Amino acid sequence: MSIVVTGATGHLGRLVVESLLAADVPADGIAAVARSEEKAADLVTRGVELRLADYNRPETLAGAFHAGDRVLLISGSEVGRRVPQHGAVIDAARAAGVAQLAYTGVLGGPEADFELAAEHKETERLILESGLPYTFLRNGWYTEVYTDNLAPVLEHGTVVANAGEGRLASASRADYAAAAAAVLTGAGHLNAVYELSGDTAWSFAEYAAELSRQTGRTIAYSDVPGATRLEILTGAGVPEPFAAILVDVDHAIARGLLARTTGDLARLAGRPTTPLADTVAEALKA
């Protein structure tokens, strides 16, 4: 039996592997599912087993899972293609007879009515239909979604969004990784659902104020209509279908759908979630 992390060379996947190792899981008890041997070379060097597979090639997934494995399915990054990708992983996991399939979905689950949530909800449905023991990790937003893209904000001195005064209970990727590691190594998490979010919700005005404080510059928050934001994003080279999804997410934030502070994330991680100020500071150091 191994603990298997799919998408193990991605941002979240790597942090989950690190969290498992930090929890004293033996490296040879961890299997990393990845598309590229080269990208996973550092994990292999540390003793982690590599299982090469690709969400887009179902035939490669046949050897990715073994009977009794505890599997983390990290949602794919290709919006619009994730349902068949995830379905292929679920089918392979069921055929192998895994003991647990944990999935990184979206905060709110069935109640999340924005476009980006649709594939997550469908994936949860497929997992339930599979009959596999599951754990739904309904992740809120990663703070790094914003702090990893500070260059245009600092260049123009403005945080631009169409979220109004809506608040966002984000947390760091490391927080979510720690929670995932906890459900993969601990007892009592089978057929459980966790709504994961940061301990404190913040507004974009507060985000701009925090950037101002840490940079010593005046960073404003510009709340714009959705149509204007769409023009800004597409003008910056974001493909229109994805730009529309980002605008839709901000509308969801304005409606309060990503502001829930359930405490589940801190409880699973075993510590408070990372404050916005800390993630901003890390980004500004980079």
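These legends walk you through several close-up views of a predicted model. Residues are numbered from 1 along each chain as its sequence is written. In this predicted model, local features need pLDDT of at least 70 and side-chain atom pairs count only at pLDDT 80 or more, while totals for chains, interfaces and linings use all residues; side-chain values use heavy atoms, with hydrogens and water left out.

**View 1. An open sheet of seven strands, with parallel pairing.** The strand order is S3-S2-S1-S4-S5-S6-S9. Strands are DSSP runs (E, at least two residues), as are helices (H or I, at least four), numbered from the N terminus, and two strands pair if DSSP finds at least two bridges between them. At the edges you will find strand S3 (49-52) and strand S9 (192-196), each pairing on one side only. Look for strand S1 (residues 3-6) beside strand S4 (residues 70-73): three bridges join these parallel strands, and Val 5 has Leu 72 in S4 as its bridge partner.

**View 2. A stacked pair of rings, Phe 204 and Tyr 221.** The ring centres of Phe 204 and Tyr 221 are 6.0 Å apart and the planes are at 25 degrees, so the pair is stacked. Rings of Phe, Tyr and Trp (its six-membered ring) pair if their centres lie within 6.5 Å; planes under 30 degrees apart count as stacked, over 60 as edge-to-face and the rest as tilted. Phe 204 belongs to helix H8 (residues 204-215) and Tyr 221 to strand S11 (residues 220-223), so the pair ties together parts that are 17 residues apart in sequence. Phe 204 is buried at 2% relative accessible area, whereas Tyr 221 is partly exposed at 22%. Buried means under 20% relative accessible area, exposed over 50% and partly exposed in between (1.4 Å probe, protein chains only). Ring pairs also link Tyr 146, Trp 202, Phe 204, Tyr 207 and Tyr 221 into a cluster.

**View 3. A salt bridge between Asp 69 and Arg 51.** Here the closest N and O atoms are 2.8 Å apart. A salt bridge is a side-chain nitrogen of Lys or Arg within 4 Å of a carboxyl oxygen of Asp or Glu, and the structure holds 21 of them. Both Asp 69 and Arg 51 are buried.

View 4. Asp 91 and Arg 94 meet at 3.1 Å, N to O. Both lie in helix H3 (residues 82-96), three residues apart, about one turn of the helix.
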